[in-house]
Amino acid sequence: MKFLRSILDKQHEMFKKGAKFERLYPLYEANDTFLFTPGEKTKGGAHVRDALDLKRMMITVVIALVPCVIMAIYNTGLQSQLLFAQHANAEAGWIVTKVFELCGLQLHAADPENIAPLAIIVHGLALFIPLYAVTMIVGGGLEALFCIVRRHEINEGFLVTGLLYPLILPPTMPLWQAAVGIAFGVIIGKEVFGGTGMNILNPALTARAFVFFAYPAQLSGNVWTGASNLSALDGFSGATALSAGSDGGMQAIKDEGFEWMDAFIGTIPGSMGETSTLACLIGAFILIVTRVGSWRVMLSCFLGMLAMSVLLNQFSSPTNQFLDVPWQWHLVVGGFAFGAVFMATDPVSATNTDTGRWIYGFLIGVLCVLVRVLNPAYPEGMMLAILFMNVFAPMIDYFVVKSNIKRREVRLAS
């Protein structure tokens with residue numbers, strides 16, 4: 001570590017104020033603070049002293065996301081291998097094909113019941129890594145560019161955004177579309193507001209919302225597969241549990257062969273990192289124990305979802321059988337658990353008062369179910385619910401603070 005520290009100290013002379021590469025100081029500073037604790041110390045009287053800084057907060061979130069990443073790689077590989085084992089004419093993209101050739105593996109398993117674990121992992125990595133790499137290169141590069149122009153520090157915030165974004169995409173998302181989406185999320189969802197800590201919308205969700213409305217075919221909920229030639233697969237629907245429920249309620253979910261426990265563990269089709277509620281709960285435990293994520297937001301999201309789903313279950317309609325889907329299925333299908341744990345708890349775009357967190361999370365859960373059940377054109381409601389409440393979060397905090405001030409004024413007057 002001393003050797004690495006000495007190398008960075010020597011490089012500092014080339015990037016310090018007045019040096020040749022002064023304008024590129026944010027690039028040097030990013031490596032320095034990522035590897036070592038920032039050298040700046042509090043010089044004046046600070047009101048609050050805390051060991052938790054931005055670096056530790058973001059790294060904690062990355063650690064909490066690790067179970068979702070593991071399940072994303074495993075389930076993506078598993079679902080893809082099951083597809084390729086069942087359809088001999090299924091073709092993969094050139095990246096997956098090349099990776100299997102380099103590893104000396106057969107892309108099409110002879111027996112769907114006996115797929116090699118190595119093939120599952122390789123297939124999952126071959127689909128996840130390119131999306132993650134494109135996200136980090138394009139999104140991270142744009143954020144670094146804005147920091148250089150503005151002469152701001154490059155912080156660790158994009159490590160979280162860059163990991164969240166590929167986890168909420170289907171595995172066959174075209175790389176160029178993923179690049180356009182993350183560029184939109186970084187520029188419009190974050191940098192136009194001033195950068196890290198200034199954005200009112202979650203950048204990863206902003207990127208996904210742009211991709212959804214710009215390229216709906218890739219995120220319609222009916223095309224999850226590890227194959228590149230869906231048209232060649234006669235009789236293959238590729239429906240997710242959420243899209244099946246939207247089309248025909250619980251009966252359609254059962255007809256597709258989905259089981260609740262499989263949905264809870266995460267071995268069903270869906271966006272890569274959102275399928276496993278179990279992995280999300282492990283991440284929630286880490287965030288709550290470290291006090292990085294708000295348990296109030298997570299719990300209130302669940303309560304809002306529970307209340308609205310139970311209420312809608314009291315009604316029935318021959319044209320909307322999604323009304324009959326119970327709350328336990330709303331919990332495990334789509335991106336509800338992932339959104340409640342990792343998206344809704346974003347400390348920048350969420351509310352900051354305790355009372356506000358209860359209101360904010362509860363309304364997210366309510367809106368998620370409303371959009372899912374009452375909007376047949378869009379079965380997944382978590383993304384829109386969180387983005388909508390991101391916009392209203394400052395107003396919720398404003399009225400909560402005003403209410404507290406009025407109570408104090410009354411108490412002081414008496």
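Guide: Happy to. This is a predicted model. One place to begin is a pair of helices: helix 6 and helix 7 cross in a right-handed way.

Visitor: What is the angle between helix 6 and helix 7, and how far apart are their axes?

Guide: The angle is about 140°, and the axes are 11 Å apart. Helix 7 covers residues 175-187.

Visitor: So are helix 6 and helix 7 parallel or oblique?

Guide: Oblique. Angles over 145 degrees would count as roughly antiparallel, and this one is about 140°.

Visitor: Which residues in helix 6 and helix 7 meet?

Guide: From helix 6, Phe-158, Thr-161 and Tyr-165. From helix 7, Gln-177, Ala-178, Gly-181, Ile-182 and Val-186. By type, this contact has 5 nonpolar residues, 3 polar and no charged.

Visitor: Let me zoom out. What is the secondary structure of the protein chain?

Guide: It has 16 helices and 0 strands.

Visitor: How many residues are there, and what share count as buried?

Guide: The chain has 414 residues, and 50% of them count as buried. The exposed surface comes to about 20300 Å². Carbon and sulfur atoms supply 64% of that surface.

Visitor: Tell me about helix 3, then. How do the axes of helix 3 and helix 6 cross?

Guide: They cross at roughly 20° and come within 9 Å. Helix 3 spans residues 54-86, and helix 6 spans 157-167. That angle makes helix 3 roughly parallel to helix 6.

Visitor: Is that crossing left-handed or right-handed?

Guide: Left-handed.

Visitor: Which residues make the contact?

Guide: On helix 3, they are Met-58, Ile-59, Val-61, Val-62, Leu-65, Cys-68, Val-69 and Ala-72. On helix 6, they are Gly-157, Leu-159, Val-160, Leu-163, Leu-164 and Leu-167.

Visitor: Why would residues along one helix point the same way?

Guide: An α-helix has 3.6 residues a turn, so residues three or four places apart point the same way.

Visitor: Next pair. How do helix 7 and helix 8 pack?

Guide: Their axes are 7 Å apart, at an angle of about 130°. Helix 7 and helix 8 are therefore oblique to each other. Helix 7 passes helix 8 in a right-handed crossing.

Visitor: And which residues meet there?

Guide: Helix 7 brings Gln-177, Val-180, Gly-181, Ile-182, Phe-184 and Gly-185. Helix 8 brings Pro-203, Thr-206, Ala-207, Phe-210 and Val-211. They divide into 7 nonpolar, 4 polar and no charged.

Visitor: New topic: single residues. Where is Arg-291?

Guide: Arg-291 is in the loop between helix 11 (277-289) and helix 12 (295-312). Its phi is positive, about 60°, although Arg-291 is not a glycine. Most residues other than glycine have a negative phi.

Visitor: Is Arg-291 buried or exposed?

Guide: Exposed, with a relative accessible area of 74%.

Visitor: Which loop holds Glu-91?

Guide: The one between helix 3 and helix 4 (94-103). Glu-91 counts as partly exposed, at 48% relative accessibility. Exposed needs over 50%. Glu-91 and Leu-107 are 16 residues apart in sequence, with their C-alpha atoms 9.1 Å apart.

Visitor: One last stop: where does Val-369 lie?

Guide: In helix 15, residues 354-374. Val-369 is buried, with a relative accessible area of 1%.

Visitor: What is Val-369 in contact with, leaving aside neighbours within four places in sequence?

Guide: Met-305, Met-308, Ser-309, Leu-312 and His-330. As for Ala-385, it sits 16 residues from Val-369 in sequence, and the two are 9.0 Å apart, C-alpha to C-alpha.

Conventions
Residues are numbered from 1 along each chain as its sequence is written. This is a predicted model: local features need pLDDT of at least 70, side-chain atom pairs count only at pLDDT 80 or more; totals for chains, interfaces and linings use all residues. Side-chain values use heavy atoms; hydrogens and water are left out. Axes are lines fitted to C-alpha atoms, for helices over the stretch in contact, and angles run from 0 to 180 degrees between N-to-C directions. Helices (H or I, at least four residues) and strands (E, at least two) are DSSP runs, numbered from the N terminus. Angles under 35 degrees count as roughly parallel, over 145 as roughly antiparallel, 65 to 115 as roughly perpendicular and the rest as oblique. A crossing is left-handed if the near helix is turned anticlockwise from the far one by less than a right angle, and right-handed if clockwise. Contact means heavy atoms within 4.5 Å. Buried means under 20% relative accessible area, exposed over 50%, partly exposed in between (1.4 Å probe, protein chains only). Accessible areas come from the Shrake-Rupley method with a 1.4 Å probe; for residues, only the protein chains shown count as cover. Ala, Val, Leu, Ile, Met, Phe, Trp, Tyr, Cys and Pro count as nonpolar, Asp, Glu, Lys and Arg as charged, and the others, Gly among them, as polar.
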